[in-house]
Amino acid sequence: MVTPTRGPRRRDRHGRGLRGPLAPSYVPIARSRSERFDDLVLDAVDRLKPQWGKQLAAVEFAVEEVPPVSELGDGPGRLGSEPIPFGRADTASGADPASVVIYRRPLEARARDRDMLGALVHDTVVEQVATLLGLSPETVDPGYDERG
């Protein structure tokens, strides 16, 4: 008995149709966790721009998953004495512009919920900008000390 060749499978084996996206791409739920984190960093920077826009115009802001091994030191003894960094600020050197890098995974691990994550991201951005400008975090954002 000869069986006819089948065309491309159009449904899954339970007959429920092809799987597709759960939500349209334009709704907030469709954004990935890293995209939502990037938005929190951009919001924190936007909150600082009215007062510090001129100083921050040449600063690049970036997000990395985790700090590089060089910032963690060697062995578990180092981790016990120094906390894992949430970000870093690099001054301009040669052709490289000044930059602020925020580490996503350590901040997400520390936050209990989205509101706390937003506050931690903002505080980290303020601290790194303050380091870059040589100022105190309270000078960069007067509301910084109130959340402590």
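Contact here means heavy atoms within 4.5 Å. Leaving aside neighbours within four places in sequence, E108 is in contact with R33, F37 and L117. This is a predicted model, in which local features need pLDDT of at least 70 and side-chain atom pairs count only at pLDDT 80 or more, while totals for chains, interfaces and linings use all residues. Residues are numbered from 1 along each chain as its sequence is written, and side-chain values use heavy atoms, with hydrogens and water left out.

**Sheet and helices**

- Three strands form an open sheet of mixed pairing in the order β1-β3-β2, where strands (E, at least two residues) and helices (H or I, at least four) are DSSP runs numbered from the N terminus, and two strands pair if DSSP finds at least two bridges between them.
- Because β1 (60–64) and β2 (87–90) stand at the edges with a single partner strand each, one side of each is left without a neighbour in the sheet.
- Strand β3 (residues 99–103) runs parallel to β1 and is joined to it by five bridges, with F61 standing opposite V100 in β3.
- Helix α1 (residues 33–56) lies across β1 and β3 and runs at about 160 degrees to β1, whereas helix α5 (residues 114–133) lies across β1, β2 and β3 and runs at about 25 degrees to β2; axes are lines fitted to C-alpha atoms, for helices over the stretch in contact, and angles run from 0 to 180 degrees between N-to-C directions.

**Charged pairs**

- A search of the whole structure finds five salt bridges, each being a side-chain nitrogen of Lys or Arg within 4 Å of a carboxyl oxygen of Asp or Glu.
- E64 forms a salt bridge with R88, their closest N and O atoms being 3.7 Å apart; E64 lies in strand β1 and R88 in strand β2, so the pair ties together parts that are 24 residues apart in sequence.
- The side chains of D90 and R88 also meet in a salt bridge (3.0 Å, N to O).
- E65 and R104 meet through their side chains in a salt bridge (2.6 Å, N to O), and because E65 lies in the loop between β1 and α2 (69–72) and R104 in helix α4, the pair ties together parts that are 39 residues apart in sequence.
- R104 is buried, with a relative accessible area of 9%, where buried means under 20%, exposed over 50% and partly exposed in between (1.4 Å probe, protein chains only).
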